[in-house]
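Please walk through the fold shown here, from the whole chain down to the contact between its parts.

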Amino acid sequence: MKSFEFFEPTTLAEASRLFAEEHAQLLAGGTDLVIGMKAYTETPQSVISLQRIPGLAGITTYGDSINIGAMTKVREVELSADVQQHHTALAEGASEIGSIQIRNLATIGGNIAHASPAADTVAGLLVADAQVDIASADGERSVPINELFTGPGQTVLAPGEIITRFRLPKPASGSHYIKHKIREVMDLAFIGVAAAVNLDNGTITDVRIGLAAVAPTPVRATEAENLLSGNAPTPELLEEAGEAAASGCSPISDLRCSAEHRREMVNILTKRTVQNALARASGE
Amino acid sequence: MAKHPVKLTVNGDEHDLLIEPRKTLLAVLRDTIGLTGTKEGCSTGDCGACTVIVDGKAVTSCMVLGVTASGKEITTIEGLASDGELHPVQQAFIDTGGYQCGFCTPGFIMASKVLIDENPDRSEEEFRHALGGNICRCTGYTKILEAVLKAAEEIRTTG
């Protein structure tokens with residue numbers, strides 16, 4: 001690992017000022033950055049730890065809405081009763097990251113800011129329609145999670161901007177996440193699919209479908225959502241939605257699997273995760 | 001680069017250290033403090049050999065910068081025995097032969113200890129899943145799992 005200057009600011013303003021400098025990296029849980037520095041793929045001149053800044057970690061519930069601090073460990077997200085109940089897909093996604101030892105270190109903010117298209121918490125945040133709160137020395141702003149990513153490892157965050165919080169305003173009565181993988185644990189997603197639904201008398205009133213690792217950024221399957229929304233979920237409609245999700249994504253072939261396989265699995269897993277979310281919404 | 005003052009409580013002992021920011025907690029434990037029971041396997045968080053307990057949570061110490069552990073309480077394999085008596089998890093690994101070359105054993109024992117402290121009633125399947133972040137290069141998983149279940153049973157019955 002190359003040497004670097006280490007900073008532990010206690011305010012966001014100070015952290016933002018340091019982070020706006022060239023060759024600076026934020027340190028949240030370290031599970032990506034420290035490994036990257038060991039491999040010399042990350043060679044920051046300064047590393048700014050966020051752990052001493054008050055108020056960045058923890059899960060708070062206000063009625064129906066849940067706020068998750070960016071420095072909250074993914075293990076805490078996974079085990080939170082409120083997240084499990086209202087945003088099951090997010091809790092399930094968090095539980096799919098690495099091992100318990102890694103989830104005790106990794107933060108939800110780091111998982112998102114790293115901007116891997118395959119991040120396990122991202123599909124759950126997409127279907128929760130999360131708002132991402134961002135702070136800098138100039139003030140605060142908020143962007144919807146589906147507008148955060150611009151490419152693999154790339155986001156709309158400007159130099160000095162720091163993700164502080166995820167706000168999950170709309171609970172879904174049923175949601176589900178499926179990670180397509182080989183190993184039971186310690187694996188990266190071939191693809192990740194999440195669905196969240198609300199039902200009214202057998203009609204789908206709200207539906208959101210989030211896809212990971214099938215495009216340069218995590219994406220919503222809006223065409224599939226439009227097919228399902230306002231309709232009763234018949235097997236034929238689910239077939240159409242699966243096909244729409246598959247044709248709407250743009251997967252690549254890589255070491256892990258082929259684009260054709262990814263596309264076929266988007267079709268199958270979209271159907272399956274919507275079915276499971278529907279089952280949960282109807283209390284099954 | 002400048003060294004940073006770091007205060008670590010390791011197995012109940014306080015250490016005031018000056019360390020380089022690029023040193024991992026694993027390196028600080030092994031090379032600075034001299035506690036070599038914690039092992040370095042893959043060095044990328046995949047194998048679990050470097051598992052230690054920080055503020056009650058099992059973590060892979062190869063992924064932690066030592067400077068960020070300042071003020072925290074750390075327990076390593078050397079800190080489990082008390083008054084010359086092995087911790088029940090350590091004793092169970094010996095009794096069942098839950099080790100072959102022994103390299104993964106400290107990591108498995110530290111990860112298992114926290115799992116049993118949290119909930120000794122986990123099923124075999126649940127323990128197996130929860131220990132997925134620990135790899136045994138001798139593939140001695142059957143005996144390791146026996147050891148964990150034996151220790152859980154003992155801790156469940158004796159408290």
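Among contacts in chain B between residues at least 6 apart in sequence, what percentage join residues at least 24 apart? The share is 59%. The model is predicted, and the values below are computed from it.

Chain B contains 5 helices and 5 strands. Read from the N terminus, its elements follow the order β-β-α-β-β-β-α-α-α-α.

The overall dimensions come next. Along the principal axes, the C-alpha atoms of chain B occupy a box of roughly 50 × 30 × 25 Å.

The domain assignment divides chain B into domain 1, residues 4-79, and domain 2, residues 88-158. Between the C-alpha centres of the two domains of chain B the distance is 21 Å. Domain 1 of chain B contributes 13 residues to the contact, and domain 2 of chain B contributes 11.

On the domain 1 side of this contact in chain B, strand E3 (51-54) and strand E4 (57-60) each provide at least two residues. The largest share of that side, 3 residues, belongs to E3(B). Sorted by class, the side of domain 1 of chain B that touches domain 2 of chain B consists of 7 nonpolar, 4 polar and 2 charged residues.

Technical notes
Residues are numbered from 1 along each chain as its sequence is written. Chains are lettered from A and ligands numbered from 1 in the order in which they are written. This is a predicted model: local features need pLDDT of at least 70, side-chain atom pairs count only at pLDDT 80 or more; totals for chains, interfaces and linings use all residues. Domain bounds come from an automatic or database domain assignment. Two residues are in contact if their C-beta atoms, placed from the backbone, lie within 7 Å. Helices (H or I, at least four residues) and strands (E, at least two) are DSSP runs, numbered from the N terminus. Ala, Val, Leu, Ile, Met, Phe, Trp, Tyr, Cys and Pro count as nonpolar, Asp, Glu, Lys and Arg as charged, and the others, Gly among them, as polar.
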